[in-house]
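Let's take a walk through this model together, looking at how its side chains meet. Open the viewer and follow along.

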Amino acid sequence: MSVFHAFRSADAQRESGDAPERGRARRIAGRAATVLACLFVLFALDAPDRLSRLTAGQLVRIPVEALVVAALVLVLPARARRWVAAPAGALLGVLVIFKGLDMGFDAVLVRPFNPVFDVSFLRPGFEFVDTSVGRTAAIGAAVLIVLLIVAVPVLMALAVLRLSRLAVRHRTWTARSVAVLGTVWVASAALGVQAVPGVPLASGGTAGLAYDHARQVRTSLKDRGVFAKQAAVDAFRNTPPSRMLTGLRGKDVVLAFVESYGRSAVEHPEYAPQVDAVLDAGTRQLKAAGFGARSGYLTSSTAGGGSWLAHSTLLSGLWIDNQQRYRTLTSSSRFTLTRAFGEAGWRTLTVQPAITRAWPEASFYGYDKVYDDRNLGYKGPRFSYATMPDQYTLNTLQRDELAASGRKPVMAELALVSSHAPWASIPSPVPWNAVGDGSVFDGMGKGENAAWPSSGRIRGEYRKSIEYTLNTLVSYMLTYGTKNTVLVFLGDHQPAPSIAGQNPSRDVPVTVVARDPAVLDRISGWGWQDGLRPARTSPVWPMSTFRDRFLAAFGSAPSGSPAAAASHR
């Protein structure tokens, strides 16, 4: 028994010695958790919704939302306090997710996240990460996003509950702090006091964000009706085919969208010297071969991505800036530019090398033939996102359609994707008669998971990709263009701000090239610049106005319509 009591005594001594250590560890852990909760909440409240504004100065502001919740916690009874603190924390967590989404969308698409329309971007976003980084990274990113969507509101609710309990335990200190900081907030807001230059000390951005997104949801839900009214107006719906596109009869019209070819490519100081030199050299070469050109600007309905929105805007004459409008449009009977050509006697087709599966929307546009990755017969390597070089795309159009004899005139819409992000692999030109099935490009390309260029190289690689496509278009016209060839090429949208620069416009260059001077005479009243490069002072039109202006210039616009007047301005 004496031995047993000796062991019990020793254990008791150890436990009594360990108890203070465990208590000290719990206190340290508790204080650390409180500090982390405070930092988590303050970061959530003060963080901006644009990545470019995420600076240290943004995180030393006084958030009015914290003062309001703290005051409520002090005056409410315990049960009601929990019902305020927990939902407020969960709501703040949701708003943090919205801030993150806004940052991502602004960095890529130059606009905030729209909770009504932008869920549709999840699939294209996943596919882009899949093709440019790899399936493992895409799945990992998707899993991480789901975890964050669940975890952030829960953790934020727990953090606010913890801080509310702390505030109640130190009621007097909390009340004084709220009074002092509230007075400072009001004075700072009234006097415009700044924490650092350009950053107001008084913050209410999270409440403003909640209001803005709530208003955005309301506006977005009403957009279907607004769009229906816009779509009901169509000056060309009943124009007889005999009066349609009479100024282009007998011409092959190639309408080419150049991926990410924005105004920044011809004006940004990092790109303009080289890109403008390509355009000016192309102008001289085409002029020597008998071609003329005129250039201006269109404002795209999208930026950074969403090329299909720009394509549908130009072809339909309607402003398509979200997926709901796109789906509504492509399930309607809207009269498109391609249908106008088809009804007037052209064979209409599209070449879409980036489309790798069924594309049901193609029937809306009224194409006689759709070429995509599955039937273009390409046997060469992939160039990162681009399934094939633009030279192959243009060569296939020439070989399979335009080289045929005894055919109808062709109207072809093309998507040239060699300048698509991530600019990790750019083709080199080859002789046109050597293009063949594309195997000549073996050794040039990099697979779809090619590493992105480093931050120091990516802008230069973007510029090179634009130069490649522009040189390819000029070379195509010099090699295959005739007096009956009309080329219209334009950008679909600006690249992301990391490439275009902060706060870029949505303008894209647009150019018409033709050997027949009568074609360019038809648009002489547009005020466009001679040559392939638009001037800084060239007119800028919404992309949605192009269809009507084009149809009015090359056909017979309805008498007294805005399109008829626009064709002469």
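Arg549 places its charged end over the ring of Trp541, 3.8 Å from the ring centre. Keep in mind as you look that this is a predicted model. Trp541 also belongs to a cluster linked by ring pairs, together with Phe341, Trp346, Trp526, Trp528, Phe546, Phe550 and Phe554. Another charge over a ring can be found at Tyr371, where the charged end of Lys369 sits 5.2 Å from the ring centre.

Now to the aromatic rings in general: the structure holds 21 aromatic pairs. How are the rings of Trp359 and Tyr365 arranged? Their centres are 6.1 Å apart and their planes meet at 35 degrees, so this pair counts as tilted. Tyr365 has a relative accessible area of 2%, so this residue is buried.

From here, turn to the nonpolar cores. The largest one has 51 residues, and Tyr261, Leu414, Phe489 and Val513 are those with the most contacts inside it. Which helix gives the most to this core? That is helix H15, spanning residues 458–480, with eight residues.

Definitions and conventions: Residues numbered from 1 in each chain as written. Predicted model: local features only at pLDDT ≥ 70, side-chain atom pairs only at ≥ 80, totals over all residues. Heavy atoms only, no water. Core = buried A, V, L, I, M, F, W, Y, C linked by side-chain atoms within 4.5 Å. Buried < 20%, exposed > 50% of the residue type's maximum accessible area, 1.4 Å probe, protein only. Helix = DSSP H or I, 4+ residues; strand = E, 2+ residues; numbered from the N terminus. Phe/Tyr/Trp six-rings, centres within 6.5 Å; stacked < 30°, edge-to-face > 60°. Lys NZ or Arg CZ within 6 Å of the ring centre and 35° of its normal.
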